[in-house]
Amino acid sequence: MRQDMSLSLSSIRGWLCVSIAAPSLEAAASLAAANEALADCFEIRLDAFAAPPDAAALLALSRLPLLMTNRPAWEGGMRGQEEDGRLGLLMAAARGGAALVDIELRTPAERRQELAAVCRAAGSRLLVSWHDFAGTPSQEELGQVLAAMREAGADMGKIVTTAHCRDHVLQVLDLYRQAGDFPLVAFCMGRMGAVSRVAAPALGAPLTYAAPVGGEATAPGQLDASRMRAVLEALAL
């Protein structure tokens, strides 16, 4: 099933993105079917597959828009991969019609640009992401990351840190003020950061992430899709 490439960025507002990390296409398809009524889109963690999946089969996982992510081990990925193969899967997904493709800001610039060109030609949107699994940098450093995403030509940015205190959460949420009209997803991992996942849509995030009901969380502090949907509906977000 080819994804709906007519989606504009302005139509992606406060979506609940359910993150699926499964070892096989069959397991991923089962989780997608079980969570389709709760999700607005699915993130497919390609690095979770035991073997590289077929690109065409990936796009048939759901009728909902798909965000393809293939994390390297150096940024929280679930298995080691050679860069050519890792990026090749993302390019194949873009050419096949994935609605969004995630690439890490720390990926060498020439490889990011190569993927960006494929996304532009195919009509996929490029999400440039950055994670800190140990803590939360200073406000100045976070601002520099945001600026680098803009310079990288991202259609959407994603900045995720780990919160150890209230100030960490406030520093990250302040990025929405700095971002202006740039589509940004920013929140904190960990127990302390859980509130930022809920606050993100209210502050203008295109997406917020949840774990699938019946599946594993892909990051610390991730609520399952049922709980997250209930919270968002209660807050009318």
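**Notes on the sheet**

1. Strand E2 (residues 41-45) is joined to E3 by 4 bridges, and the two run parallel. Two strands count as paired if DSSP finds at least two bridges between them. Strands (E, at least two residues) and helices (H or I, at least four) are DSSP runs, numbered from the N terminus. Across this pairing, Glu43 stands opposite Leu67 in E3.

2. The model is predicted: local features need pLDDT of at least 70, side-chain atom pairs count only at pLDDT 80 or more, and totals for chains, interfaces and linings use all residues. Residues are numbered from 1 along each chain as its sequence is written, and side-chain values use heavy atoms, with hydrogens and water left out.

3. On its other pairing, E3 meets strand E4 (residues 100-104) in the parallel sense over 2 bridges. Leu67 has Leu100 as its bridge partner in E4.

4. In a regular strand the side chains alternate between the two faces of the sheet. From strand E3 (residues 66-69), Leu66 and Met68 point one way, whereas Leu67 and Thr69 point the other way; all are buried, meaning under 20% relative accessible area with a 1.4 Å probe, protein chains only.

5. The open sheet has 8 strands in the order E7-E6-E5-E4-E3-E2-E1-E8, with parallel pairing. Its edge strands, E7 (184-189) and E8 (207-210), each pair on one side only.

6. Strand E5 (residues 125-131) and strand E6 (residues 156-162) run parallel and are joined by 5 bridges. Ser129 stands opposite Lys158 in E6.

Terms used. Buried < 20%, exposed > 50% of the residue type's maximum accessible area, 1.4 Å probe, protein only.
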